[in-house]
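Let's take a walk through a protein model together.

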Amino acid sequence: MGILEKIAEIEREISRTQKNKATEYHLGLLKAKLAKYRAQLLEPSKSAGAKGEGFDVMKSGDARVALIGFPSVGKSTFLSLMTSTESEAASYEFTTLTCIPGVIQYKGANIQLLDLPGIIEGAAQGKGRGRQVIAVARTADVVIMMLDATKGDVQRELLEKELESVGIRLNCPKPNIYFKPKKGGGLSYNSMVPLTHCPEKLVQLILHEYKIFNAEVLFREDSTPDEFIDVIVGNRVYMPCLYVYNKVDQISIEEVDRLAHRPNSVVISCGMKLNLDYLLEQLWEDLALICIYTKKRGGKLFFWSSIYSNLRCFHPMTKIHRTLASQFKYALVWGTSTKYSPQRVGLTHIMEHEDVIQIVKK
């Protein structure tokens, strides 16, 4: 029996198993096996295939945004409207066959926008170049899921299922679980909150499925077995996702109002150029970019140049030059992130919007 058949069999067993207190251990084991088989499916083949055209593009700009959606939902038209790049758009499916990059210039920042080929159901198993599309999406800072407003919620559910099966978690925080395998000593199981989903026996069964018999586990929140499996696997990607419903000019105003009030959702019309400015504002908010000004050493305080960087993993040294971090001695910072101006800080200092930094080398 192949991996695909095993995955399908486990999914059928999960769907027909009644969820209650008596079956939680059985379901937890099934989910652990399912995650293990899916990880094996995503591993690259050892046999070398024929070389083809490159799919990924080099990361550039201050942030990367990936456009994901089914064929003929308006991704290429959206790229042509938002950037100076012309992407071929037509009335037939699979017009775009490779990754086409563009750049959105917004509030002084350069945001790389990738128009990916349309994916179909079963993309996680490799159908329709699905693995390449999803691999590029894992490198993005934000995913824009382009949906056809005339198709209802069917496309959204299918795309979420495909992305979740390859380890992409949309609009959810990373589980607050400490996990560390050990060489001996058995299982050390502790929790800081009362647990309702992951008792010690279930945790032990899941770890045994992954051939882990000695580990230290600390739950800092009431997590589910799925979240614990994600921590064990360790290759999950947590990123914000913006659900963009295109072609809203073809549906009723009541349906538009329903879609617009859903969380993390924006309604637009590329054909009539409706609501594109609001989409840019929401995208900027999800990217959480901040502007940092750099100052030359000596002289008066003035704005010399600016660096846009992501607030979640800010490291100004690499934005200026990749070798500067090794020569870094200290920095002087003016702005709201300091107690007084200027304040002498190190590499671990967290910058805030419109701070000014002066770097001193060794």
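What follows is a tour of a sheet, its helices and some salt bridges.

First, the ground rules: this is a predicted model, where local features need pLDDT of at least 70, side-chain atom pairs count only at pLDDT 80 or more, and totals for chains, interfaces and linings use all residues. Residues are numbered from 1 along each chain as its sequence is written, and side-chain values use heavy atoms, with hydrogens and water left out.

Let's start with the sheet. Three strands make up an open sheet with mixed pairing, in the order S6-S8-S7. (Helices, H or I with at least four residues, and strands, E with at least two, are DSSP runs numbered from the N terminus; two strands pair if DSSP finds at least two bridges between them.) Strand S6 (177-181) and strand S7 (187-191) are at the edges with a single partner strand each, so one side of each has no neighbour in the sheet. On average, neighbouring strands of this sheet are turned by 5 degrees against each other, direction ignored. (Axes are lines fitted to C-alpha atoms, for helices over the stretch in contact, and angles run from 0 to 180 degrees between N-to-C directions.) If you look at S7 and strand S8 (residues 215-219), you'll find them paired in the parallel sense over five bridges. Tyr 189 is a handy landmark, standing opposite Val 217 in S8.

Now for the helices. Helix H6 (residues 200-209) packs on the sheet and touches S6, S7 and S8, where contact means heavy atoms within 4.5 Å. The direction of H6 makes about 135 degrees with that of S7. H7, meanwhile, lies across S6 and S8 and runs at about 45 degrees to S6.

How do H6 and H7 pack, at what angle and how far apart are their axes? The angle is about 40 degrees, and the axes are 11 Å apart. That makes H6 oblique to H7 (under 35 degrees is roughly parallel, over 145 roughly antiparallel, 65 to 115 roughly perpendicular, and the rest oblique). On the H6 side the contact is made by Leu 202, Val 203, Ile 206 and Leu 207, and on the H7 side by Pro 225, Phe 228, Ile 229 and Ile 232.

Side chains of opposite charge can pair when their charged atoms come close. The structure holds nine salt bridges, each a side-chain nitrogen of Lys or Arg within 4 Å of a carboxyl oxygen of Asp or Glu. One of them joins Asp 230 and Arg 169 (2.9 Å, N to O). Asp 230 sits in helix H7 (residues 225-233) and Arg 169 in strand S5 (residues 168-170), so the pair ties together parts that are 61 residues apart in sequence. Asp 230 also forms a salt bridge with Arg 236, with the closest N and O atoms 2.9 Å apart.

Are these residues buried or exposed? Asp 230 is buried at 8% relative accessible area, Arg 169 is buried at 11%, and Arg 236 is buried at 17%. (Buried means under 20% relative accessible area, exposed over 50%, and partly exposed in between, with a 1.4 Å probe and protein chains only.)
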